[in-house]
Amino acid sequence: MTTTLAPPPVGIGKAAVGALCLLAIATGALESVLTPTLPLLQRELALSPAQGALLSTALLISGALLLPVSGTLGDRYGGRRVMTRLMIVVLAGGLVSSLAPNLPVLLAGQILQGAMVGALPLSFILVRKHLPPGSAHTAIGVVSGMFVGGNLVGSMIAGPIAEGLSRHWMFAIPTLAIAVGTVLVHRLIPDDPPARSDARIDWPGLVLLSGALLTLMLVLPMVPEAGGRPLEFGALLLLLVGLVIGWIRVERRSAAPMVDLRLLAQPGMWSSYAITFAVCLGTAASMYLVPQLFAVPADAYGFGASASDMGLYLLPSAVAAAVSGPIAGFAARRFGARTAVAAGIAGTVATLAALAVLHGEVWHLVIGKVLISLASGICVTAVVVKTATTGDGGDTGTATSLILVTRVIGFTAGAQLGGILLTAMTPSGANIPDESAFIIGFGIASAVTALALLAVRTLNRGEEQ
């Protein structure tokens with residue numbers, strides 16, 4: 001594979017970075033409007049619980065499939081060019097969702113909207129190419145934080161818009177904001193030349209990688225039921241192994257692979273993926289356990305929190321997650337990515353361990369959730385910053401998109417771990433698990449997250465200084 005060094009940054013102004021932030025907020029908002037309004041959609045469209053679950057995962061699955069594709073295409077054809085075309089797909093998805101009269105149409109809209117996740121690695125490509133290294137660290141952290149902040153905005157406005165106007169407008173308003181952000185990005189950011197001289201698309205590698213990711217997303221939710229459905233689970237597991245082996249063989253032989261396996265073999269890269277998976281798995285397990293503990297009846301060992309109470313309790317942690325991105329970008333620039341990552345891991349491990357002991361008051365869980373969101377957010381964003389600013393820039397989109405895919409897989413696996421643990425430790429005939437399930441759960445999450453410290457020492461190999 002032939003690569004060329006990325007040209008020196010030509011510089012973009014604050015308005016251009018602001019346009020990327022607006023786009024990040026808008027896409028984050030559109031991504032999150034479905035979750036708080038799912039009960040409303042189930043009533044209006046007469047959806048069964050299974051159909052509601054399918055609707056809630058459609059965007060996540062399509063986004064995970066498109067992430068490595070969008071990042072690689074951005075490296076090969078230029079970030080702005082691919083960003084513009086990708087946002088056209090997202091706009092079409094938002095329009096379809098806003099006009100959807102039934103489940104099939106809304107499902108199609110959500111699948112198209114999944115392309116929005118690819119905006120993040122494309123934003124990193126543009127920031128890397130047009131800003132000097134120090135400024136790029138900060139800008140990547142800010143853009144990442146704005147996407148998380150958009151999730152918070154979408155979660156807050158979805159209910160009032162759906163109830164005050166209609167469910168159609170909760171999709172339409174963020175879609176209009178995405179259209180404005182896309183126009184501003186196209187006008188304010190100069191075109192970026194491709195970083196690679198080859199322009200071939202590795203179709204066999206693309207198909208095999210997409211198949212492997214899709215199969216993995218199907219396997220993870222089946223883990224709690226694996227004992228009851230051994231044939232289906234075993235068949236999917238064998239299919240996953242076969243797809244992964246086939247993908248590796250195809251990528252090794254391809255002259256222009258979808259993912260250069262030599263990139264993944266670099267110590268600084270594989271350690272980034274290992275850290276991201278471990279931290280996200282531990283964080284997601286706690287994200288599952290904390291609301292479950294809030295919901296346990298007050299006459300047992302919980303708090304009997306209503307849905308409204310729970311939203312209020314979890315709001316501070318959502319704010320913490322949003323501000324963790326800019327903090328991570330500044331910390332990576334000021335102290336180095338490895339220091340920021342190590343501090344984030346240590347903070348997450350300590351807080352999870354503390355929750356295993358202290359969870360008897362509401363404020364214990366609220367503060368613990370805030371600290372976990374802040375520390376893990378700093379850690380994962382610092383890993384993204386490090387990955388995006390390593391090397392000559394020719395693989396920025398590919399490398400960062402794989403980090404984001406790893407994050408999705410880690411969160412999915414962590415939630416399943418929490419569900420398995422509570423199910424296994426619920427006594428026969430009881431409605432709630434033993435309190436020891438939460439103690440063990442927080443302990444396991446802390447131990448798994450601590451394993452990420454083993455990979456920190458190799459994190460900055462090859463990092464730009």
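Me: In this predicted model, where buried means under 20% relative accessible area, what is the relative accessible area of Ser98?
Reply: Ser98 is found in helix H4, residues 79-99. The cut-off for buried is under 20%. Ser98 counts as buried, with a relative accessible area of 6%.

Me: Which residues is Ser98 in contact with, leaving aside its neighbours within four places in sequence?
Reply: Ser98 belongs to helix H4, and its side of the question concerns partners beyond four places in sequence. With those neighbours left aside, the contacts of Ser98 are His168, Phe171 and Ala172.

Me: How many salt bridges does a search of the whole structure find, and which residues form the pair?
Reply: Side chains of opposite charge can pair when their charged atoms come close. The search of the whole structure finds one salt bridge. Its closest N and O atoms are 2.9 Å apart, and the residues are Arg167 and Glu44.

Me: How many residues apart in sequence are the parts tied together by Arg167 and Glu44?
Reply: The salt bridge joins Arg167 to Glu44. Arg167 lies in helix H8 (residues 167-188) and Glu44 in helix H2 (residues 38-44), so the parts that the pair ties together are separated in sequence by 123 residues.

Me: What distance separates the C-alpha atoms of Leu188 and Ala19?
Reply: Leu188 is found in helix H8 and is partly exposed, with a relative accessible area of 39%. Leaving aside neighbours within four places in sequence, Leu188 is in contact with Ala15, Ala16 and Ala19. Leu188 and Ala19 are 169 residues apart along the chain, and their C-alpha atoms are separated by 7.8 Å.

Me: How many of the residues of H16 are buried?
Reply: Helix H16 (residues 396-424) has 29 residues and reaches 42 Å from its first C-alpha to its last, close to the 42 Å expected at 1.5 Å a residue. H16 is largely enclosed by the rest of the structure, because the number of its 29 residues that are buried is 22.

Me: How far apart in space are Gly414 and Ala445, C-alpha to C-alpha?
Reply: Gly414 has its place in helix H16 and is buried, with a relative accessible area of 0%. Not counting residues up to four places away in sequence, Gly414 touches Leu281, Ala284 and Ala285. Gly414 and Ala445 are 31 residues apart in sequence, and the C-alpha to C-alpha distance is 8.3 Å.

Me: Which residues does Thr406 touch, not counting residues up to four places away in sequence?
Reply: Thr406 is found in helix H16. At 14% relative accessibility, Thr406 counts as buried. Beyond four places in sequence, Thr406 touches Tyr273, Thr276 and Phe277.

Me: Which residues is Leu220 in contact with, leaving aside its neighbours within four places in sequence?
Reply: Leu220 has its place in helix H9, residues 203-222. Leu220 is buried, with a relative accessible area of 12%. Its contacts, once those neighbours are left aside, are Ile409, Thr412, Ala413 and Gln416.

Me: What is the distance between the end C-alpha atoms of H14?
Reply: The buried residues of H14 include Ala337, Val341, Thr348 and Leu355. At 1.5 Å a residue, the 21 residues of H14 should span 30 Å, which agrees with the distance between its end C-alpha atoms, 31 Å.

Me: Which helix gives the most to the nonpolar patch?
Reply: The surface patch of about 390 Å² is made by Met156, Leu315, Val319, Val323 and Ile327. Met156 lies in helix H7, residues 133-164. With four residues, the helix that gives the most is H13 (residues 307-335).

Me: Which element of the protein chain has the lowest mean pLDDT?
Reply: The mean pLDDT of the protein chain is 82, and 91% of its residues reach 70 or more. Among the elements, helix H14 has the highest mean, 94, whereas the lowest, 71, belongs to helix H11 (residues 261-265).

Me: Over residues 1-10, how many contacts are there in the model beyond near neighbours in sequence?
Reply: The pLDDT over residues 1-10 is below 50. Where pLDDT is low, the predicted coordinates should not be read in detail. With that caution, the number of contacts of this stretch beyond near neighbours in sequence is 23.

Methods. Residues numbered from 1 in each chain as written. Predicted model: local features only at pLDDT ≥ 70, side-chain atom pairs only at ≥ 80, totals over all residues. Heavy atoms only, no water. Patch = residues over 30% accessible without salt bridge, like charges linked within 9 Å, V, L, I, M, F, W, Y side chains within 5 Å. Areas by Shrake-Rupley, 256 points an atom, 1.4 Å probe, with all protein chains shown as cover. Salt bridge = Lys/Arg side-chain N within 4 Å of Asp/Glu carboxyl O. Helix = DSSP H or I, 4+ residues; strand = E, 2+ residues; numbered from the N terminus. pLDDT = per-residue confidence, 0-100. Contact = heavy atoms within 4.5 Å. Expected span 1.5 Å × (residues − 1). Buried < 20%, exposed > 50% of the residue type's maximum accessible area, 1.4 Å probe, protein only.
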